[in-house]
Each structure stands twice: as C-alpha cells, then as structure tokens.
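Please keep the sequence and the structure in view while reading.

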Amino acid sequence: MLPAIPTLDEYGLSAKHGFLPNELPLARLPDPYYNKWEAIAANLPALILSRRLRGVIDRLPLLDTIGLEHDAEWRRAYSLLCFVTHGYIWAGDSPADRIPSQISIPLLTISHRLEILPVATYAAVCLWNFKPLFMNEDIDNLENLASLITFTGSMDESWFYLVSVAIEARGAPILDLGLTAMEGVRRNDSALVTSCLCAFAERLTDLTNLLQRMHESCDPSVFYNRIRPFLAGSKNMSEAGLPHGVIYDDGSGVEQYRQYSGGSNAQSSLIQFFDVVLGIKHFSTGQSAPTNEATAKRNNFIQDMRRYMPARHADFLNDCENVANIRPYVEANTNDEKLCLAYDACLAMLSAFRDKHIAIVTRYIINPSREVRARSRSPEATRGRNNIAVASRKGDGKSQKGTGGTALIPFLKQARDETGAPAIAEWTKRFMKHQVKTSGQSELFSVKQDENLASNVDEVAVSGLAQPWTMEDEMGGICQY
C-alpha cells in the first residue's frame, strides 16, 4: 500500500502562509519578565555600534524559559536570542568563541523545544522575524512588510530579509498545487496534473519578479561589509577567528566546541519543495551522479541544510520525497503534449529563478569581494578587526583555500543545470542550456563578457552568509536557492 500524500495541517503548514507561521510573529514577548531580553533586541544596532553589547550581555541575569507559553512566544524568544548570540560573537574586533550562560542556556532550551539548531537560521531571521504594516493587506507585498529585529538598523538589512519573506508568502499556494498534482498522478488524472503544473509555473514567475527587486533597497556594499558578517556561523571559520567553533556555556562545566553553519537561503523549505515535487536531484559540485543514495545525501549541501530547518518543515520535505511521483508520471506519458509542456514550463521558470539568483550573488558577493581585495593592499585596511569580511580579503586569490568549502558560482550553475535535466522536450533542454542575453546585447559582447567573468571568478575567495568559500573548492555551496 502506498503511503498517504502528506496534508499541510499535519505539519502546521497552510496553503495561505506556506512555511510562514499561521500566527503572525510576535513583536514582543508579553511577559514583562523578559523585558531585559527585549531591551537588548530593541537596542541591538546601537549596542553593536557602541561596542557595549558584550558588556550588557555579560551582566544580564539568567532568565528561565518557564514564562514562555504559546508557540509564537517560543519562536519570538528563539529569533531574539539568535540575533543577540550572533551579535555577541561578531560585534568585537575579534569574534568571541564562548557564549555566556545568560543567553546560551535559554537558547539551547528553546532550540530543543522548537526542534531547531541554536544558531541564526533562515527561520530566525526571515520566517519568524517580520510584521505587516497594515493588517488588512497581504504579506506577499514588500511594501507592507517590516523586520522585527536587525543587527544594523538599516533598511538594507530589513529588505534583504523581507524579500525572502515575500517570496515565502507568494509561493505558499504552490504547496497545495504540488500535493494536489501528486494526488492527480495517483488517480491518473492528467488534466488535473497539467492544470496544477501550469499554475505552479505562473507562480514561479511571480517569485522571480520578487527576487529581482533585491537591488531596490539593499546596497551590495552594505550587505557585503556590514550585514553578512553577523550572519556567519561557526563552522569552518578558522580564517575569521573561530578555528574550533563556539562554546555554548550550558552550565554543566563541560566545555565543548560546536560548529554550525549560519543563515542561508538554502534553508528555505519552500525552494527545496520545488525540487522535491518536480523530481530534481542535486549532487555535490562536480558530481553528476551519486555512487549510492547514502553517499549522495551525506555529501549534498542542500540535504544538510534541512538540519537547520524547523523539524516539522524538514519532516514535510522528507515525507513528500517518499511519495513524489510527478517526474516519473510525465516521463511515462511523453505523448501527452500538454502535460509535458506544463512540466517543462515549471523547470524553465525554476531555472530562470536560479539564473536571477546567480546574478544577485555576483552583484552582492562576487563583485564586492573584488572591490574589497583591490582596496585592501595595505595592512591598514584590515588592521584591528577579524571577521568573515576581513578573512575574505586575505590570501592571494586562487591559491587561498576558503574555510567553508564551497564552489559558489560552479555550485549555483550546477544547481541551475540540474533543474533543467529532467526536461522532456529536447528543445526545452536546449533552451535552458542557452544563456539568455539582454535585449540589444550583441553576440560578440556576450561572449567577451562571459570570458571576463570566467577569468575573474576563479581568482576570488568569497565569504558567504554561513561561511567562506573559494571558487575552486569542491564541496557544495552556500547562500543558494
């Protein structure tokens, strides 16, 4: 007997909100007992700027989590303490490798309760960290969103998080479309599957339009130098000053270093759901096929990022994988032109989404890293401070080994190419392999531009949201959809 198709409410999800909470995130914990936490969060940018954050946290009393009642309160406390923890680690001239018990003990307790890792995950900074400006307007409208907590207090940082929030909200109906399509496959209802896939493709176009609005209010230089360092994790961060990771003081007296990746858009369950539904397989960079399924999952960065999702979200993806049937159904019905066209349209739209993300990564990480390297020829440029922004300035380019181990552009391009691999029609495969040129751009100009990009990319070692990487490395990717 086939396992049942998952239902959204089993996992606390909905067709209206998707992976966003059904109850809006709290702007403040209601119990006055937690006012000291809230005061730090409200003044986090000023405390970081004045370099007083660590002193304030060191004098903070240890608060119990007994006053947290509803899920929304636990999520607010988690998001708040994740911001405070990362601020504590990265706010000084050098990173702190020990998190005091005043924040580590409650964070560990809350993380255990929510079944999520105690680090600034995508859920902490995006899913559970927004509010609508007007309650009677939709939350997929960027002009109706605001972030609850930021490190810098800048519009750039809020906008960076809120683009993802809007994408999650706009993409929420795709969850129901995907599940309905899988039900349609079981009933051999080709018309229903085709209809769902067509709506899926149209919604993906909306998400691409939202993604390309990133540049409107998020400056690449501000993101690269001011925002991104605070989102860094503690895994493979030797060059940034955390050779062993971070100690979470849990009051037991046993000191043990922990290493976690930081926030990454790869932790978005929505984007991974697209791949699951469409039957898209991703492998480690440079690997076209796994030697076996266990090895593929162990080496696959995208799979690893599920450990950083809320547990119920990861469970939903895993359960959907067990019943995913759309790709084999389409492959078994290649004579159904409408079905194949709808499926290929989904792949093409998702590939276009990833193309846009490659362009954003180039603008927000690759290009600023070159500018930083060009400006940092003298020791004065980086003297007295160490974080992932400074770490990415060191070394001699291609020979430098990044501490995060991920080949950024090769990984992103492979993920995009893997998106088009299941395409049914040959013309669709050719279309998705063809690089679309800007209107009015000549073939000669396009070729030269590609050559210049290729010659420059492999010379840059880059620090990403969760950890740094170099272009020639061979271990998955970071900050990718």
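## Salt bridges and local features

Asp 140 counts as buried, at 18% relative accessibility. Buried means under 20% relative accessible area, exposed means over 50%, and partly exposed lies in between, with a 1.4 Å probe and protein chains only. The model is predicted, so local features need pLDDT of at least 70 and side-chain atom pairs count only at pLDDT 80 or more, while totals for chains, interfaces and linings use all residues. Residues are numbered from 1 along each chain as its sequence is written, and side-chain values use heavy atoms, with hydrogens and water left out.

The side chain of Asp 140 meets that of Arg 170 in a salt bridge, with 2.9 Å from N to O. This pair links distant parts of the chain, 30 residues apart: Asp 140 is in the loop between strand S2 (130-132) and strand S3 (145-147), and Arg 170 is in helix H7 (residues 155-171). Helices (H or I, at least four residues) and strands (E, at least two) are DSSP runs, numbered from the N terminus. A salt bridge is defined as a side-chain nitrogen of Lys or Arg within 4 Å of a carboxyl oxygen of Asp or Glu.

By this rule, the count comes to eleven salt bridges. The table lists three of them, including the pair already described.

| Asp 71 | Arg 113 | 3.1 Å |

Asp 71 is partly exposed at 39% relative accessibility, and Arg 113 is partly exposed with a relative accessible area of 36%.

Glu 321 is in helix H14 (residues 311-323), whereas Arg 306 is in the loop between helix H13 (301-304) and H14, 15 residues apart. Glu 321 counts as partly exposed at 25% relative accessibility, but Arg 306 counts as buried at 8%. Elsewhere, salt bridges that share partners join Glu 143, Arg 213 and Glu 216 into one network.

## Loop residues

Leu 63 is placed in the loop between helix H3 (53-58) and helix H4 (71-90). Is this residue buried or exposed? Leu 63 is buried, with a relative accessible area of 8%. Leaving aside neighbours within four places in sequence, Leu 63 is in contact with Tyr 33, Tyr 34, Trp 37 and Pro 106, where contact means heavy atoms within 4.5 Å. The C-alpha atoms of Leu 63 and Gln 102 are separated by 7.1 Å, and these residues are 39 apart along the chain.

Glu 115, in the loop between helix H5 (101-114) and helix H6 (122-127), is exposed, with a relative accessible area of 51%. Its phi is near 60°, a positive value in a residue other than glycine. Asn 236 also is not a glycine and has a positive phi of about 55°. Asn 236 is partly exposed, with a relative accessible area of 32%.

## The sheet

Three strands form an open sheet in the order S1-S4-S5, with mixed pairing. Two strands pair if DSSP finds at least two bridges between them. The edge strands, each pairing on one side only, are strand S1 (98-99) and strand S5 (257-258). S4 and S5 run antiparallel and are joined by two bridges. Ile 247 stands opposite Tyr 257 in S5.
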